[in-house]
Structure formats: C-alpha cells, structure tokens
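Please read these notes with the model open beside you. Go point by point and find each residue as it comes up.

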Amino acid sequence: MQFNRGDKDDQFLLNLYKRLLYPRMVEEKMLKLLRQGRIGKWFSGIGQEAIAVGSTLAMQGDEYILPMHRNLGVFTSRDIPLKKLMAQWQGKLTGFTKGRDRSFHFGTQDYKIIGMISHLGPQMALADGIALADVLANKQKATLVYTGEGATSEGDFHEAVNVAAVWNLPVIFLIENNGYGLSTPKSEQFRCKNLVDKAIGYGIEGRQIDGNNILEVYDTIHQLASEIRKDPRPILLECLTFRMRGHEEASGTKYVPQELFDEWEKKDPLSNYESYLIEQGILTSDVVTDIKIQIKKEIELEVEEAFDEPEPEANSIYEEADMYFPYEQKIIEPNQSSTEKRYLDAITDGLDLAMQKYPNMVLMGQDIADYGGAFKITDRFTAKYGKERVRNTPICESAIVGAGLGLSINGYKAVVEMQFADFVTVGFNQIVNNLAKTHYRWGEKADVVVRMPTGAGTGAGPFHSQSNEAWFTKTPGLKVVYPAFPEDAKGLLLAAIEDPNPVLYFEHKYLYRSLSAPIPDGYYTTEIGKANTLTDGNKFAIITYGLGVHWALDYIKNNPHCGAALIDLRTLQPWDKVAVAAAVKSTGKVLILHEDTLTNGFGAEISAWIGEHCFQYLDAPVLRCASLDTAIPMNKVLEDDFLAKARLSETIDKLLKY
C-alpha cells in the first residue's frame, strides 16, 4: 500500500493514526462484550475504518454527514463521547434515542450526524435536502452521505443521485464497496464492473479509490469537498474495501472464501498505516504500546460507566406525546372581509401567503414551476418566488419526500406535492418510516407538508382516484387533514405549514373547480384536530369528511325534516373525539360516511371507538356507509355505483328503523 503524505506534518499523521486506532479498539471491546453476553448485537466495521475516519476528518465540523451502521469512525472522529455512544447501543435513557432505536439509527444536530434507518437508501435523499438548504442559504458547504454497494440497487440510490445531478447539489455519495450485501456477493448484486461507472449515467463525476488507504481517503474527500463548496455539484465516490467480520456477528462469515480474507488481511488499513508511520520514524513500537494502553483505559472506563446509566421507564403517555415535536397551535382568526373563491383558489391563496410569511419555505413537485402544476394550483408562482423555491422535480416521489426532510433538518420548511395522491405509494417509505418516526427516535422535527390531490368523481380510474387516507391515519407521528370547504382548505393548509410536524394534506380533486364560497381575505389558520358541526339534529348523526360532507348535505337538503346532525371531521389525525361523543349522546344513532372503501377505512376506527367509549348512549348499532371493496372503476356508471353515495339513502333508512 502506497501512502503519500504530501505536505502533512508529523503531528497530523500521528493524530490520524490515533483516530484510526480508536474505533478499532472500541470494536475489539464490543466483540469481547458480545462473547460475554453483555451486549446483544454488533455490526462490525473492522477493516473499513479508514473510510469513516478519513472522510469525516476531511469534512468541516459543521457539515452534515449521513453514515451507515458500519461507520463507528464517523461518530468517534466527531468526538462523540464513547459513554454516550455506549448508552445508545445499550438502549439506555441517556442514549440519543432514549432506548427507542438501536446502534447507529439516530441523528444529532450537535455533531451534525444524521443516522440511517434500516431501509437502505433513504438517507441519500435526506442529503439532497440538506445540501439544497445550504445552496438556498448561500452557504458554501458540502454534504457527505454513505451507502453500501448493495444499496446501489435500491431505487432510493437512483432517485437521490439523479436529483442531486439535476439540481447541482454539493453532495458526495460515498459507496463503501466491501464486496458483500450480508451474504450476497457483488457478482449477484450488479453487472457493472465498477460501481463508479454508474456516475456516467447521471452525467456526474465519479472517482474510485482505495478505501483502506486513509491518506488517499482523506486527500480525496478534502479535495472534492473543497471543490463542490465553491462549485456545487454531486460526486459519486467508490471506496474499495472489505468487511472482515460478518454482516453482524450472528451471521458469521462462512459464505466468504478464505482466500479473500487472506488477501484483504494484507490490506488492513490500520496495520499498514502503522507500519508506514514506523518506517517514517513518526512512531515506534513503544509509542504504539503506550497509545494503546491509554486508549484501552479510556474505553474501559467509559464502557463500564455506560452500563450504570439509567434504563428508560415505561410511560405510555410520555411515549405517545413524544411521537410529535412539541407544538401548541395558536389560532389566527380570519378577517371579516372575504372574496368568492373556488376550492382550488383557496389552496393557491394559502400557499401564496405561506410563501410570503416563510422565506425559508420550498415547494417541490412534478410540473409545479412554469407549468403551474397538473391542476394549476401554483400557476405564476415562479414569476413571484423563482424556481429556487418553486422547484420542478424529476419523477421520483421517494427522493423528493426525503429531500423535504433534509430541508427541514437544515432549517427549511418543505411542501411536497404529489401529482395525485395515488402516486404516494412510491414515496411511502419516506413518509411512514422517516417523516413519521424521526422525532420519536431522536427528537428532530420533520417540518414537511405533503399535499395529496385525492378522490373520485372525475372518471380517472384505479390509479388517479383512490382515497388512501387510512394508510396514514394508523401511522403514529403523522398528522392528517382533509378539508371539505374552501375556507377550511386555506385555513388548514396554513395551519399544516405552520406545524413543525409532518402533515398529510388531502385535497379533493372533484371539489377543485366545482365548489366556490366566500373565503376570508388575508392570513388565518383553522384548528387542526377540531371538527365542525354543520347541522344540528336529534334523530341521528352523520360523521364524515371530504366529499362525504357534500353527499350528506345533499341528502339533508332533499330530506329537510330528517333530523340529522352533521359532523365534518376536517382532521383525521388527531380526530375530534369530543365532537363525535357529543353527537352520539345527543342522537343515539350514528352513521359514518366516507369515500374510501369499507373494509379498514377510517370509519372503522371511529366506529370501534364509539362502541368502546359511547356504547351506553347508542340506540342502534353504528353503521358505516362507504365505497365498495373494489378498485375504483373509470366508467361513470361503474364509478357512481362504486361510491358510497349510491348507498347513502338506504343506509340511513336502515339506521332509522332501529
């Protein structure tokens, strides 16, 4: 192994050695503890330390790094105390996740490290958002994100690299190519000879280096980061290395040929660098021994102290509350003056006012810039706010949701438009596993609103008409709003944008141009979690939301003496249990109406809650009126029969007969 010290002095080279040695010795301690049964799991990075240590030291201390689970050297090189890390690994209260998540599945703003989730790949999109925030703020910063060779097969890899390329984002995508994804060799992972060749397809620069040569790693990252700070652009960097232990210790290494171990043992990053320093007269065997003795003492002390750290206490109230970033909504009352506007225009008005109030807010979505979006909601926004803040995106929902979280982490607000709510499936993982769980896991907000044009009634068929709100109402950490009227569409959108928690904002496509009403002028907000009682009645209650509200209003208009109390939920998570309970108590009969399919629709949750908490007030079973348990057909005759409205009258008749 050839080392090139360049202009580095002896002290720098010696410090690099200590930084490289430290995580190796920590790992050796962890393996002993594992054999002793004092810890339960360990993902070893032995043999790969030069990448983590060299790259981290090459970055500026306030630049974000997004590592993987084999990058202990990132955390130690950022000087996180081992006691704190050990508390995290042991699930202690004083760990970064308070016992809620494992190993390196955490982030920390104090050290500018954003940890991974178990789904390989999503962290790369976060790096895009973090870098975008720096570019928008005119900060000359670089972002470093790791991935393994196996995860380069993930769609998240493709999407994140492509977005960074299209947007010229200063991100270094570092591939640790250690030859195996758990037990699957690279020959079964991809056909290209070198992963760095993938850079060609994205039109970006690619480099391949010896990941076991710490000076080569340091010099390469230092050079690349310096360049892209001044000239923002992404780089794909393949670091060749080898994993000398199992994927995690329990998996073993029997699937790896012995000759590979023999070959790579000769390339060990620590022993080779140590020999080089001894040859250079910077180290001696005695000095090495002294350094190891001192490090061992530090490790032993901090590890044992961490074992004595307190365990978290079971507290369901605290756990549930901690799913969300602490936030108390302050309602901004609407003005007396109003203007007649369509449902669609109310959303446009809300976005416009929010863009004025929050200069750190970014809109992202397909075709939303000059074209104005598929439904023209952001028409003329680029002329007013520029393409930096109103951003057309490639067709990559997962990367854009992830970039929204990255923007939030780095001080921005993000509003992401799904062109149709149906397309959210492609970004599902980022929403339910990243946005929803980030605060619970390590206390960071996820200040992202995902706009969801939803619903049927336009003959758009199975892939443009679904009502998929129930996919998200069961996911802790998300808030879900669903306005039925233009005034609420504006007020709830502004409330969602103000809220630092992730909010899914469902807006019904059928209502865009078919519904108009006087909308209060200026900026105001509607309370999230507060239902609206639209009509009073004592014979039965209809609990609904979205287009179901208008179906119910039509029924009441055609049956003026039906005695229906109509509750528009407006928010589905959290939903207004007080208003629902009051409606049950005052009527004794309840119909839950929604556009979604019957089985496991959100109405099932409301029905179950009423049965559990309001049973004594019921004079009849809770009935649900929902759409058929089929996909949504395109033909109008079939679509009309599919929708819940087709069965509303007969369901009400059935309820009233009890």
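1. Start with the rings. Ring pairs join F428, W471, F472, Y482, F506, Y545, W575, F602 and W609 into a cluster. Rings of Phe, Tyr and Trp (its six-membered ring) pair if their centres lie within 6.5 Å; planes under 30 degrees apart are stacked, over 60 edge-to-face, and the rest tilted. Across the whole structure, the search finds 25 aromatic pairs.

2. A word on the source. This is a predicted model, where local features need pLDDT of at least 70, side-chain atom pairs count only at pLDDT 80 or more, and totals for chains, interfaces and linings use all residues. Residues are numbered from 1 along each chain as its sequence is written, and side-chain values use heavy atoms, with hydrogens and water left out.

3. Look at one ring pair. Helices (H or I, at least four residues) and strands (E, at least two) are DSSP runs, numbered from the N terminus. Buried means under 20% relative accessible area, exposed over 50%, and partly exposed in between (1.4 Å probe, protein chains only).

4. Now a stacked pair. The ring centres of F242 and W264 are 5.7 Å apart and the planes are at 10 degrees, so the pair counts as stacked. F242 sits in the loop between β9 (235-240) and α9 (258-265), while W264 is in helix α9, 22 residues apart. F242 is buried at 4%. W264 is buried at 14%.

5. Charges also sit over rings. The charged end of R391 is over the ring of W167, 4.3 Å from its centre. The charged end of K413 is over the ring of Y358, 4.9 Å from its centre. The rule asks for NZ of Lys or CZ of Arg within 6 Å of the ring centre and within 35 degrees of the ring normal.

6. K413 comes up again beside D447. Leaving aside neighbours within four places in sequence, D447 is in contact (heavy atoms within 4.5 Å) with S408, Y412, K413, A414, I497, D499 and P500. D447 lies in the loop between α17 (438-442) and β14 (448-454). At 7% relative accessibility, D447 is buried.

7. Strand β14 belongs to an open sheet of seven strands, in the order β12-β11-β13-β14-β16-β15-β21, with mixed pairing. Two strands pair if DSSP finds at least two bridges between them. β12 (390-392) and β21 (571-573) are the edges: each has a single partner strand, so one side of each has no neighbour in the sheet. Strand β11 (residues 361-365) pairs with β12 in the parallel sense over three bridges. G365 has N392 as its bridge partner in β12.

8. Helix α19 (residues 486-498) lies across β11, β13 (413-417), β14, β15 (479-481), β16 (503-508) and β21, at about 160 degrees to β16. Axes are lines fitted to C-alpha atoms, for helices over the stretch in contact, and angles run from 0 to 180 degrees between N-to-C directions.

9. There is also an open sheet of five strands. The order is β18-β20-β19-β22-β23, with mixed pairing. The edge strands are β18 (532-535) and β23 (623-627), each pairing on one side only. Helix α22 (residues 602-613) lies across β19, β22 and β23, at about 155 degrees to β22.

10. Check β20 within this sheet. Which of its faces are covered? Both: A564, L566 and D568 are buried on one side, and A565 and I567 on the other. In a regular strand the side chains alternate between the two faces of the sheet. β18 and β20 pair in the antiparallel sense over three bridges, and T533 stands opposite I567. β19 and β20 pair in the parallel sense over five bridges, with F540 partnering A564.

11. Last, the cysteines. How many disulfides are there? The count is zero, where a disulfide is a pair of cysteine sulfur atoms within 2.5 Å. The sulfur of C625 is 14 Å from the closest cysteine sulfur, in C562, so the two are too far apart for a bond. C625 is buried at 2% relative accessibility.
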